[in-house]
Amino acid sequence: MKNLYISNLRNLPRRSYSSHNDTKIIDVSKIRNFSIVAHVDHGKSTLADRLLEITGVIKPGNENKQVLDKLQVERERGITVKAVTASLNYTYNNEQYLLNLIDTPGHVDFSNEVVRSVKACQGVIFLVDANEGIQAQTVAVHSLAKRNNLVIIPTLNKVDLPRANPENVKAQLKSLFYIEPDTVLSISAKKGWGVPELIEAVISRIPPPTVEVRKPFRASIIDTWHDKFRGIMCLAYIESGSVEVGETVRWRSDSKPHVLKYLALLRPNEEPIKKAVAGQVVMVGCGPKGGGCVGDELLSMESADGIKVASAPVVKHMVYAGIFPSDQSQHTQLSDAIRKLALNDSAVSVTVDSSPALGQGWRVGFLGLLHLDVFTQRLLQEHKAEAILTAPSVPYKIKVKGSKAIKQFKGEEAVITNPLQLPDPQNIEEYYEPFVIGTIITPVEYIGAVTTLCVDRRGTPLPSNAVDDKMTMMQFVLPLSEVVIDFHDTLKSLTSGFASFDYQDHGFHPSALVRMDVLINGVLVDELTTIVHTSRLEYNARKLTSKLKEMIPRQMVQVAIQAVVGGKVLSRETLKAYRKDVTAKLYGGDVTRRKKLLKQQSEGKKKMRSVANIKIPRNTFIDVLKR
Ligand SMILES: Nc1nc2c(ncn2[C@@H]2O[C@H](COP(=O)(O)OP(=O)(O)OP(=O)(O)O)[C@@H](O)[C@H]2O)c(=O)[nH]1
């Protein structure tokens, strides 16, 4: 492998560039852009910490630090949400290398970050926990790396654990991915064992970027964020040429010139540089009015490339929810917060929405429920914006009939992201539901339980594959609506936490669906309208009303909760009023006063009932959908 690498290098241009303030020389052949990919919790962030230590960025002794997980939500939840870049210096065989590490999230809801990150990489450290072995997402990230033609460095982590079984996991890698056991490295990211050897493998196995250093400057934007003082900052992968601070550049989407004001390496803290060259991953910024978005390109003014609308990576949104300010006076503040956060989270889609009950708001598309949860938590923590969320829904597709409906939906087919937009059933010729292919890796003793769960969720089995004699990989075609809310939690509890799950889009398929509304004291609750499969109607209606009864705190008035389809009540629950003893403070027999207070109370109750002024806790709309 090493010889191959050396011969590769000989073919590369040997031109050198100054890319540091401190006049160190960087040669393109000494750049390695790589990412760490793995199933959730297999140790990516811990390994990133060790790499930062070995390259002198942080001091040793940070066993549990996870330096790259900077966001408050990441620290609180112990998960990586954003991909983060760190440019590291490493001397090997007396030569200085620039290693650009991209730490990526493991959870399926943030796979968009992984997809974007690998675009700037030539290879990946493919990390597998030597104790847990191959999990569902190990399969997903492996196929992602393969699809992108990346060099894969198979690495077993956590070999320090007494129950680690590297030989068994190597056999799993061989049987599922045809990876030869002698190419697999073994490390303990926690203890630092084997990490220098891993860096050497990164240098020797991953090729330097193949870039055109002599062509005009062109960089693609892989991430953006908002800086209070400096405007939009971008993470850019330079695909050709070089650029210097103060140079005039333009966006591919626009002909307007901008001056490049900020240029820095992220180590992971910013280190300003004067010049950067093709192959590098750097932070760029053109000031408060400088613009920039994921999918756009930054070009030199000499570039012959024409204007092209920025094409952000295609993101398939799995769930949509309405986001509304808790009171319309906070609309501008929430709007500003959503705009800034969406800049840093290019996986969301935001469109304006309005509801008679909740006023002006937005319909936001997410990659999953955790993504939605993290987005609202970040709104609150990073932008101090509190929002009301409507029940999340997967997108459905309909074929409409009747010229009026066709005109309204601008064509025969329409994607419905908000159940309230569903037209009259008379105008719907066919409903389509989104499906996914779910991959589950489970110990063999749970095959029965997993099959029952999937069939119960309207799943159809596909052929399964043995991972080894204890684990099996099962696949099912499942409706997205059945997996998006709580499938993972149920699977985990059914299998004592041993099964893992990942899913991939499988397109829309015809389905029997209806719209179900919830009325509280006769008033439609917009946030709780859902689209339901007909086989689930009775069950969902009963479940929804009884859960709402549990979750809505008792009120001063009686609350009638009804689930309704096309005017027909499928289920009803009544939440009894608690009678506040307004006369408690009155002693003895002042009957007239007592009567007056009771009358006032019942007036109040009537008023509340007439406007259905029922206090529903914020989380109700999501929690009520869980089984
Ligand atoms: N014993 C042992 N524990 C480890 C090792 N590497 C990581 N861990 C632990 O495993 C847990 C998960 O590690 P992380 O680094 O957060 O995993 P991750 O893959 O970054 O997780 P996500 O960012 O959520 O995808 C933490 O409790 C680590 O301390 C190791 O080599 N040995």
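Entry 1: I began with Phe324, which stands opposite Ile388 in β22. Three bridges join β19 (residues 319–325) to β22 (residues 387–389), and the two strands run antiparallel. I noted that strands pair if DSSP finds at least two bridges between them. Helices (H or I, at least four residues) and strands (E, at least two) are DSSP runs, numbered from the N terminus.

Before going on, I wrote down that this is a predicted model, where local features need pLDDT of at least 70 and side-chain atom pairs count only at pLDDT 80 or more, while totals for chains, interfaces and linings use all residues. Residues are numbered from 1 along each chain as its sequence is written.

Entry 2: I put the four strands together: they form an open sheet in the order β20-β21-β19-β22, with antiparallel pairing. β20 (349–355) and β22 are the edge strands, each pairing on one side only. From one strand to the next the twist averages 35 degrees. Helix α8 (residues 331–344) packs on this sheet and touches β19, β20, β21 and β22. The direction of α8 makes about 145 degrees with that of β19; such angles run from 0 to 180 degrees between N-to-C directions, with axes as lines fitted to C-alpha atoms, for helices over the stretch in contact.

**Entry 3: is β19 buried or exposed?** I looked up β19 again to settle this. Seven of its seven residues are buried, so β19 is largely enclosed by the rest of the structure. Buried means 20 or more other C-beta atoms within 10 Å of a residue's own, exposed means 12 or fewer, and partly exposed is in between, with C-beta atoms placed from the backbone. In a regular strand the side chains alternate between the two faces of the sheet. Here Val319, Ala321, Ile323 and Pro325 point one way, Tyr320, Gly322 and Phe324 the other way, and all are buried.

**Entry 4: two helices.** The axes of α11 (residues 447–456) and α13 (residues 487–494) come within 10 Å and cross at roughly 155 degrees. That makes α11 and α13 roughly antiparallel to each other. I also noted that α11 passes α13 in a right-handed crossing. Ala449, Val450 and Leu453 in α11 meet Thr490, Leu491 and Leu494 in α13; contact means C-beta atoms, placed from the backbone, within 7 Å.

Entry 5: Arg458 has phi near 65 degrees. Arg458 sits in the loop between α11 and β26 (460–466) and is partly exposed, with 18 other C-beta atoms within 10 Å. Asn521 has phi near 50 degrees. Its place is the loop between β29 (513–520) and β30 (523–524), and Asn521 is buried, with 20 other C-beta atoms within 10 Å.

**Entry 6: whole protein.** I noted 16 helices and 33 strands. Of the 627 residues, 43% count as buried.

How values were computed: Angles under 35 degrees count as roughly parallel, over 145 as roughly antiparallel, 65 to 115 as roughly perpendicular and the rest as oblique. A crossing is left-handed if the near helix is turned anticlockwise from the far one by less than a right angle, and right-handed if clockwise. Two residues are in contact if their C-beta atoms, placed from the backbone, lie within 7 Å.
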